[in-house]
Amino acid sequence: MKKKPVRPAKPRRPADRPAAKPVAKKRKLPPAGPRQASALPRARVAEGRLPADPQAKIRRLKAQLAAALAEIDLLRASAETDFLLGIANRRGFERELGRALAYIKRYGASGALIMLDVDRLKPVNDSLGHAAGDVVLKAVTEALLSHVRASDLIGRLGGDEFALLLWNLGEADAHAKASVLEAAVDALAIRYGDRTIAVGISAGVAMLKPEMDSAAALEAADRAMYARKAERRAASGAPLRR
């Protein structure tokens, strides 16, 4: 009698290794139709990846940028304007003077700087107060503005000092303009309450040169103004005071 062959025993898996699960086959999806394709951007919008209307957002951002730039211009103008007199302050005037000197250096244009110092303002402040001094400064500013061109720039450098930037004129014309400005302020009869205040102004001229910077131009005009003030004091017999 024949014996049946003994089959080899199947190897047993280790107890700590679970049996691997069969991998499920991926189902192939049919190509997306028009409706399915249009759903993808909506899903991204929902996830915050894409704006619902990009063009509308672009227009909104452009409007916000334009408003911000306009506010910057207003703030810059405010920072460079004398609050009392409504003309350029030292910062604004020096910025424009620097631009003018760069233009003169590049294109060979001509220009002049007139430094102006109000005479007899300190006694007004001392006797009548700074409110009276402010009235005087406003009247002086109006007189100066009435004798300059739209292309010229006038600024208050501080206290009772003014500066005037003039374009396209020679030295003789610049000195003639300085004399006109002095005569205009000398002729003022400024009313303050029941008082009439008379002041004057001394104007020094410096012609702008290509090799100058703003500091050199202002220094040259300041020296000329101080020399002119000494002349006017000597002519009136009054002692020289700054």
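Analyst: Helix α7 has as its buried residues S214, A217, L218, A220, A221, M225, K229, R232 and R233, where buried means under 20% relative accessible area, exposed over 50% and partly exposed in between, with a 1.4 Å probe and protein chains only. Helices (H or I, at least four residues) and strands (E, at least two) are DSSP runs, numbered from the N terminus.

User: Before we go on, what kind of model is this?

Analyst: This is a predicted model, in which local features need pLDDT of at least 70 and side-chain atom pairs count only at pLDDT 80 or more, while totals for chains, interfaces and linings use all residues. Residues are numbered from 1 along each chain as its sequence is written, and side-chain values use heavy atoms, with hydrogens and water left out.

User: Okay, what do the buried residues of α7 pack against?

Analyst: They pack against α3 (90-107), β1, β2, β3, α6 (171-186) and β6 (200-207), with contact taken as heavy atoms within 4.5 Å.

User: How far apart are the end C-alpha atoms of α7?

Analyst: They are 33 Å apart, which agrees with the span of 33 Å that the 23 residues of α7 (residues 214-236) should have at 1.5 Å a residue; the expected span is 1.5 Å times one less than the number of residues. Just after α7, G237 takes a positive phi of about 80°.

User: Switching to the whole chain, how many helices and strands are there?

Analyst: The protein chain has seven helices and six strands, and from the N terminus on the order is α-α-α-β-α-α-β-β-α-β-β-β-α. Of its 242 residues, 31% are buried, and among contacts between residues at least 6 apart in sequence, 65% join residues at least 24 apart.

User: And β6, which of its residues are buried on each side?

Analyst: Both faces of β6 are covered, with G200, S202, G204 and A206 buried on one side and I201, A203, V205 and M207 buried on the other. Strand β6 pairs with β1 in the antiparallel sense over eight bridges, where two strands pair if DSSP finds at least two bridges between them.

User: Which residue in β6 is the bridge partner of D119?

Analyst: The partner of D119 is G200, and D119 itself is in strand β1.

User: Is D119 buried or exposed?

Analyst: D119 counts as buried, at 5% relative accessibility. Its side chain makes a polar contact of 3.3 Å with the side chain of R232, and a polar atom of the D119 side chain lies 3.4 Å from the backbone nitrogen of I201. A polar contact is a pair of N or O atoms within 3.5 Å; within protein, one must be able to donate a hydrogen and the other to accept it, and residues adjacent in sequence count only if both atoms are side-chain atoms. Leaving aside neighbours within four places in sequence, the residues in contact with D119 are V199, G200, I201, S202, K229 and R232.

User: What about α4, which residues are buried there?

Analyst: In α4 (residues 121-128), the buried residues are L121, V124 and N125. They cover an arc of only 95° around the axis, which puts them on the same side of α4; the arc is that of the directions from the helix axis to the C-beta atoms. The face turned away from this buried side carries the exposed residues K122, D126 and S127, and the buried residues of α4 pack against β1 (111-119), α5 (130-145) and β5 (195-197).
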